[in-house]
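This report goes through one protein model, beginning with a single residue and ending with the whole chain. Please look at the sequence and structure first.

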Amino acid sequence: MVPKSEGGTHALENLQTLCPVCHAEKHPDVDRLQRRARQFRQRNRPSTLFRAIAVLTVLPALLGLHRPAGTLDRYGRRIAVDRVEHAVGSAEGSDVTVEVMPTELWTADDASVQQLGRLRDLNGTGSTVRFVAWAGNDLPRMERDHQYRLFGARVDTYEGHDQLVLDSLTDIEQL
């Protein structure tokens, strides 16, 4: 580039496209360009409202105050935790994630049942629901009055009553 003051021309190969701010920086002694750069900055400055919204949305994330709803499963997927009363209201066969505490554990007469009992909801009203864990799935046994998160429990009915089925697709995490 050959500046016009040094004999440069307006030929295409000697032109450079600049925004008003950059043009003013190349010619700091030209007041007209400095004024134009200030006007350009003012016109293109985000509004106060926009800046406030940006700060209010970014700052909590930077400070670690924003936590997305739900919890992570062992694969790192974000899973919404249901309340038992909502979970058992789901369509039969759907998978749910709930946080529960076994309040009753029963002895099963059937060898295909690993564990059987009643679970109380940790979130919400403390609703209870029957559960069955099938044998042969390598699921950890739950203990009475310990807290657990059940990932992928299947909604089912047994003799007309809602229940949660824990099978090979269920993960049990002690809280």
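## Two loop residues with positive phi

Asp 138 has a relative accessible area of 76% and is therefore exposed. The residue sits in the loop between strand 5 (128-134) and strand 6. The phi angle of Asp 138 is near 55°, which is a positive value in a residue other than glycine. The model in which these values were computed is a predicted one.

Glu 159 also has a positive phi, of about 50°, although it is not a glycine. Glu 159 is found in the loop between strand 6 and strand 7. With a relative accessible area of 66%, Glu 159 is exposed.

## Salt bridges

How many salt bridges does the structure hold? There are five. One of them joins the side chains of Arg 149 and Glu 99, with an N to O distance of 2.6 Å. Arg 149 belongs to strand 6 (residues 148-158) and Glu 99 to strand 3 (residues 95-106), so this pair ties together parts that are 50 residues apart in sequence. Are the two partners buried or exposed? Arg 149 counts as buried because its relative accessibility is 11%, under the 20% cut-off. Glu 99, at 13% relative accessibility, counts as buried too. Glu 99 and Arg 149 are also part of a network of salt bridges that includes Glu 173.

Arg 154 forms a salt bridge with Asp 167, and the closest N and O atoms of this pair are 3.6 Å apart. The pair links distant parts of the chain: Arg 154 is in strand 6, while Asp 167 is in the loop between strand 7 (161-166) and strand 8 (171-174), 13 residues apart. Arg 154 counts as partly exposed, at 26% relative accessibility, whereas Asp 167 is buried, with a relative accessible area of 14%.

A further salt bridge is made by the side chains of Asp 145 and Arg 144, at 3.5 Å from N to O. Asp 145 has a relative accessibility of 47% and so counts as partly exposed.

Which residues make the nonpolar surface patch of about 490 Å²? The patch is made by Val 55, Val 58, Leu 59, Leu 62 and Leu 63. Val 55 lies in helix 3, which covers residues 48-63. Val 55 counts as partly exposed because its relative accessibility is 47%, between the 20% and 50% cut-offs.

## The chain as a whole

The protein has four helices and eight strands. In sequence order these follow the pattern α-α-α-β-β-α-β-β-β-β-β-β. The radius of gyration of the protein is 32 Å, well over the 16 Å that the globule rule gives for 175 residues, so the protein is more spread out than a compact globule. The C-alpha atoms fill a box of roughly 100 × 35 × 25 Å along the principal axes.

Of the 175 residues in the protein, 29% are buried. The protein exposes about 11,900 Å², and carbon and sulfur atoms supply 52% of this area. Where contacts between residues at least 6 apart in sequence are taken, 46% of them join residues at least 24 apart.

Notes
Residues numbered from 1 in each chain as written. Predicted model: local features only at pLDDT ≥ 70, side-chain atom pairs only at ≥ 80, totals over all residues. Heavy atoms only, no water. Patch = residues over 30% accessible without salt bridge, like charges linked within 9 Å, V, L, I, M, F, W, Y side chains within 5 Å. Areas by Shrake-Rupley, 256 points an atom, 1.4 Å probe, with all protein chains shown as cover. Salt bridge = Lys/Arg side-chain N within 4 Å of Asp/Glu carboxyl O. Buried < 20%, exposed > 50% of the residue type's maximum accessible area, 1.4 Å probe, protein only. Rg over C-alpha atoms; globule rule 2.2 N^0.38 Å. Contact = heavy atoms within 4.5 Å.
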